[in-house]
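Reader: Hi! Could you walk me through this model?

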Amino acid sequence: MDAFEAIITRRSTRNFKPDTVEKEKLEKILEAGRYAPSGSNSQTNHFFLIQDPAVIAKLASLAEAAFAEMEITENTYVSLKNSITRAKKGGYVFSYNAPVLVIVANRKDYGNNMADCAVAIENMMIEANNLDLGSCWVNQLKWLNEDPGLLDYLYNLGLKENERVYGSVILGYPATDDGLPDRKPLERKGNKVTYI
């Protein structure tokens with residue numbers, strides 16, 4: 001698969017097999033993230049590769065509790081609204097039971113924090129597709145990056161006091177008949193281009 005094909009056939013996976021992802025594949029995915037561009041080549045992203053189901057479950061529990069306390073307004077972003085609604089019902093798991101969660105953090109006082117994390121996550125998702133793995137960007141921990149309970153837990157995992165989470169990606173083998181990601185490109189309905 002060439003780079004262009006890996007990009008246009010990448011789709012989000014939200015249903016995973018519990019199978020362990022090989023260490024060699026995870027290392028390649030992390031290197032793809034680490035080699036992403038960064039503002040002034042600062043390379044300040046902090047990657048957390050989590051495979052421990054108990055840690056992922058604890059993060060899900062903390063997220064569910066935080067979202068369940070939030071109120072929905074008419075201006076609430078649609079995905080955040082969905083997280084709040086599902087959390088209030090109980091049993092909310094933002095990781096879609098994927099066996100791997102990669103959290104990407106950066107310095108909270110750095111102007112390119114979210115951009116640097118975003119390009120790293122995109123690189124990882126493209127490499128995951130190249131390696132026949134499914135992936136999905138998850139924003140829930142970013143939306144909660146100032147929640148005290150979640151922050152305390154992340155500090156215990158190694159997050160620095162001056163860092164915050166700006167994005168995450170889940171990885172694993174898709175729960176499809178052939179075990180491969182859905183690679184049918186979706187029609188582009190937006191992302192207008194103006195040639196000048």
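Reader: Let's start with a loop: where does Asn41 lie?
Author: Asn41 lies in the loop between α2 (23-34) and β1. Helices here are DSSP runs of H or I with at least four residues, strands are runs of E with at least two, and both are numbered from the N terminus. Before we go on, this is a predicted model, where local features need pLDDT of at least 70, side-chain atom pairs count only at pLDDT 80 or more, and totals for chains, interfaces and linings use all residues. Residues are numbered from 1 along each chain as its sequence is written, and side-chain values use heavy atoms, with hydrogens and water left out.

Reader: Thanks! Is Asn41 buried or exposed?
Author: Asn41 counts as exposed, at 55% relative accessibility. Buried means under 20% relative accessible area, exposed over 50%, and partly exposed in between, with a 1.4 Å probe and protein chains only. Asn41 also has a positive phi of about 55°, although it is not a glycine.

Reader: And what about Asn97, which phi does that one have?
Author: Asn97 has a positive phi of about 60°, and it is not a glycine either. Asn97 sits in the loop between α4 (78-89) and β2, and it is exposed with a relative accessible area of 58%.

Reader: Switching to the sheet, what is the order of its strands?
Author: The order is β1-β2-β4-β3, in an open sheet of 4 strands with antiparallel pairing. Two strands pair if DSSP finds at least two bridges between them.

Reader: Which strands stand at the edges?
Author: β1 (46-50) and β3 do, each with a single partner strand, so one side of each is left without a neighbour in the sheet. On average, neighbouring strands of this sheet are turned by 20° against each other, direction ignored. Axes for such angles are lines fitted to C-alpha atoms, for helices over the stretch in contact, and angles run from 0 to 180 degrees between N-to-C directions.

Reader: How many bridges are there between β1 and β2?
Author: β1 and β2 pair in the antiparallel sense over 5 bridges. One example is Ile50, whose bridge partner in β2 is Leu101. Leu101 in turn stands opposite Ile170 in β4.

Reader: How many residues of β4 are buried?
Author: 10 of the 10 residues of β4 are buried, so β4 is largely enclosed by the rest of the structure. For β2, 7 of the 8 residues are buried, so that strand is largely enclosed too. In strand β3 (residues 134-138), 4 of the 5 residues are buried, so β3 is also largely enclosed by the rest of the structure.

Reader: Where does Gln140 lie?
Author: Gln140 lies in helix α6 (residues 140-143). Gln140 is buried, with a relative accessible area of 9%. Not counting residues up to four places away in sequence, Gln140 touches Phe67, Ser83, Tyr92 and Phe94. Contact means heavy atoms within 4.5 Å.

Reader: Last topic, helix packing. At what angle do α3 and α7 cross?
Author: The axes of helix α3 (residues 53-68) and helix α7 (residues 148-157) cross at roughly 160° and come within 9 Å. The two helices are therefore roughly antiparallel to each other; angles under 35 degrees count as roughly parallel, over 145 as roughly antiparallel, 65 to 115 as roughly perpendicular and the rest as oblique.

Reader: Which residues meet there?
Author: Val55, Lys58, Leu59 and Leu62 in α3 meet Gly149, Leu150, Tyr153, Leu154 and Leu157 in α7. By class, this contact of α3 with α7 has 7 nonpolar, 1 polar and 1 charged residues. Ala, Val, Leu, Ile, Met, Phe, Trp, Tyr, Cys and Pro count as nonpolar, Asp, Glu, Lys and Arg as charged, and the others, Gly among them, as polar.
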